[in-house]
Amino acid sequence: MRAQLAFKVIIIRVRVLFVSENRRNFAQYQYRHILNYLSAENIAKSYGANWLFRNLTVGLSRGDKVALIGTNGTGKTSLLNILAGTIRTDEGLVSIRKDIRTAYLDQNPQFDEKLPVIEVLFGTTNPSALAVKMYEKAILKDDSDLLSEALEQMDNLQAWDFESKVKQILGRLGIHDVDAPIGQLSGGQRKRVALAQVLIEEPDLLIMDEPTNHLDLDTIEWLEEFLNTANQTLLIVTHDRYFLDKVCNIVMELDRGTLYTYKGNYAYYLEKKAERQAIDVAETDKAKNQLRKELEWMRRQPKARSTKAQYRIDAFYDLKERAGSVRRDDKLDLNVKSDRLGSKIIELESVSKKFGDKVLIHSFLYTFKKNDRIGIVGKNGMGKSTLLNMMAGLIRPDTGKVVKGDTIKIGYYTQTELEFKDDQRVLDIVKDIAEVVKLGSGQTITASAFLTLFLFPPSKQHDLVSKLSGGEKRRLQLLKVLIQSPNFLILDEPTNDLDVTSLNVLEEFLLNFDGILVLVSHDRYFMDRLVDHLFVFEGEGKIRDFPGNYTDYREVASDELLALSGQKADQKVKKNEPAKVVSAPEAPKRKLNFKEQREYASLEADIDAHETKKADLIERLNGGSTDHAEVTAWAKEINQLDTIIAQKSDRWLELAEFV
């Protein structure tokens with residue numbers, strides 16, 4: 001009896017453990033299932049007879065912030081389009097959770113040319129965004145009936161904070177005229193409108209293809225912070241390594257049709273990729289050793305071969321493929337001959353330029369010297385490209401002169417698209433300039449061999465240029481500039497659409513380039529490595545000559561901004577007394593002065609008062625009124641109060657850091 005009872009107890013315990021384990025496994029399954037936003041299994045894409053990739057499996061869970069990287073032409077954009085649902089997969093299946101909102105920022109967004117910007121921005125399923133759209137329309141058209149309806153919706157949805165967020169997005173992206181037709185916008189402006197649209201949507205899953213293109217450095221840093229703090233799942237194709245490192249927690253690399261996943265930032269990816277490549281080399285060497293033995297076996301007399309096991313013959317061919325897969329890292333060997341520089345290079349003698357009433361450059365002086373490596377930074381529309389065009393001789397200054405030395409040979413890489421004929425092939429582009437190319441070593445090679453160095457293998461050199469990816473076209477455009485052996489190199493946004501591998505090697509080439517380098521780029525990593533002083537466009541025609549790279553400038557600019565906000569108001573140097581040189585502490589700490597303490601206290605009271613007034617006005621609007629003029633006035637006053645509250649809140653937060 002005791003033995004039977006003990007056996008029953010054991011059985012019961014096993015059942016309890018089994019049920020508990022099943023419940024736990026089921027709970028874990030449910031948890032994973034709830035978190036899973038996107039699943040793609042065995043997907044594939046081909047163009048003609050060539051497969052970009054096959055049998056790829058991708059999974060995204062809530063909270064993932066994924067960077068997709070890879071060499072140009074490997075299929076990153078095609079993969080994004082498949083996952084976003086804009087093109088169909090040739091094989092496999094893609095599924096996205098039905099209860100989440102998704103948004104996709106295309107690299108080249110397409111819109112109805114006749115639509116005004118406001119219709120594009122708020123063409124969304126976000127209820128708060130639709131309420132704000134109605135509110136903005138009512139204000140613009142001075143429609144009191146529409147305004148009453150909009151105010152009711154915004155109040156019900158508590159969308160007032162959302163409206164402030166929308167205005168912040170539009171302001172930071174430089175979108176001010178929301179009534180302008182899309183057809184009147186430049187390519188860069190369209191990209192910013194598309195970016196604003198997906199940010200306003202506030203999707204659960206956001207897919208973005210090169211979001212930093214066409215943005216200035218300040219805006220990139222704002223977007224970086226915005227996405228870093230957003231409660232969203234992200235999948236981004238980007239070449240900006242600072243952006244990637246700060247925003248993303250997973251790196252996926254698409255390499256020769258295989259997807260490798262690294263759970264960490266860009267620095268972690270570099271470390272683990274190096275380890276993977278070392279393992280690949282070791283496995284290839286091992287496969288070669290095995291291949292020698294198998295090859296001896298396969299070469300035995302033909303009569304015996306038919307008696308060998310078929311599985312071993314199949315294994316031989318598999319082994320042969322692995323042994324032959326010697327890894328060839330995609331690297332650009334940019335080593336071209338540049339002409340000798342004379343003593344006189346280029347002199348900018350008090351040059352000025354304006355368009356209409358807008359002054360872009362005012363009395364700018366600079367004499368270029370040998371080994372100059374200059375970066376140009378500033379917000380979009382301030383005149384950076386105008387200065388480059390003046391140096392290249394494409395436009396004339398309104399006043400002043402650009403004087404060039406006799407030995408100067410300018411190579412100018414611009415933001416314009418690569419020009420080619422419909423029937424033109426990759427090799428034709430190079431042969432139109434030169435049949436042979438002289439390298440820095442003195443060696444002469446053919447145009448075809450030079451293309452191979454630029455990652456255009458012989459199999460691709462006879463492809464139509466129109467079939468190339470965006471990054472491949474940019475790389476070909478860069479080749480056209482360098483093949484002419486310049487000694488004064490001007491690069492206007494060369495990093496757009498180039499992959500990370502190409503950027504790394506381009507950096508190495510430019511570090512060893514013995515001519516003059518003038519560079520405009522929104523890639524902070526690229527800029528930091530290559531330049532040692534900056535031309536900073538500060539607005540109203542003023543250009544600051546700053547000694548240092550971009551990170552140096554940002555640190556100095558931050559200190560200057562703090563000084564302007566009143567932090568150094570009490571530090572005055574007495575007249576005729578020499579200033580003392582004091583080393584700043586590593587982590588400077590300070591307290592608010594008396595004036596700032598009073599300002600801080602008054603800001604709290606002011607914000608409360610304005611919030612109370614705003615709440616009172618909203619209550620009046622909700623109460624209804626037959627006087628349309630009065631309703632419109634209340635709405636406009638609420639709008640003004642929002643602006644004032646936002647400004648005072650920003651200042652309060654700034655001072656609060658030191659309380």
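**A walk through the predicted model**

In this predicted model, six strands build an open sheet of mixed pairing, in the order β5-β6-β7-β3-β8-β9. Strands here are DSSP runs of E with at least two residues, helices are runs of H or I with at least four residues, and both are numbered from the N terminus; two strands pair if DSSP finds at least two bridges between them. Because β5 (102–105) and β9 (258–262) stand at the edges with a single partner strand each, one side of each is left without a neighbour in the sheet. From one strand to the next the twist averages 15°, where axes are lines fitted to C-alpha atoms, for helices over the stretch in contact, and angles run from 0 to 180 degrees between N-to-C directions.

Residues are numbered from 1 along each chain as its sequence is written. Local features need pLDDT of at least 70 and side-chain atom pairs count only at pLDDT 80 or more, while totals for chains, interfaces and linings use all residues, and side-chain values use heavy atoms, with hydrogens and water left out.

Helix α2 (residues 76–84) lies across β3 (65–69), β5, β6 (205–209), β7 (233–237) and β8, and runs at about 155° to β6. Seven of the nine residues of α2 are buried, so the helix is largely enclosed by the rest of the structure; buried means under 20% relative accessible area, exposed over 50%, and partly exposed in between, with a 1.4 Å probe and protein chains only. The buried residues of α2 are Lys76, Ser78, Leu79, Leu80, Asn81, Ile82 and Leu83. After α2 comes Gly85, with a positive phi near 85°.

The largest nonpolar core has 63 residues, of which Leu121, Leu195, Leu199, Ile200 and Leu227 touch the most other members. Such a core is a set of buried Ala, Val, Leu, Ile, Met, Phe, Trp, Tyr and Cys residues joined through side-chain atoms within 4.5 Å. Helix α7 (residues 187–201) supplies the largest share of this core, seven residues. Leaving aside residues up to four places away in sequence, Leu227 touches Lys65, Leu199, Leu206, Met208, Gln232, Leu234, Ile236, Phe243 and Val247, contact meaning heavy atoms within 4.5 Å. A second, separate core of 44 residues includes Leu491, Leu517, Leu534 and Tyr553.

Elsewhere, strand β10 (residues 346–355) runs antiparallel to two strands: five bridges join β10 to β13 (residues 399–404), and six join β10 to β11 (residues 358–367). Glu347 takes part on both sides, standing opposite Val403 in β13 and having Thr367 as its bridge partner in β11. The hairpin of β10 and β11 has two residues between the strands, and in it Gly356 takes a positive phi near 65°.

Gln477, in helix α17 (residues 470–482), counts as buried because its relative accessibility is 8%. Apart from residues up to four places away in sequence, Gln477 touches Tyr413, Thr414, Thr416, Glu417 and Leu418.

For the protein as a whole, the secondary structure comes to 22 helices and 20 strands, and buried residues make up 44% of the 659 residues. Among contacts between residues at least 6 apart in sequence, 68% join residues at least 24 apart.
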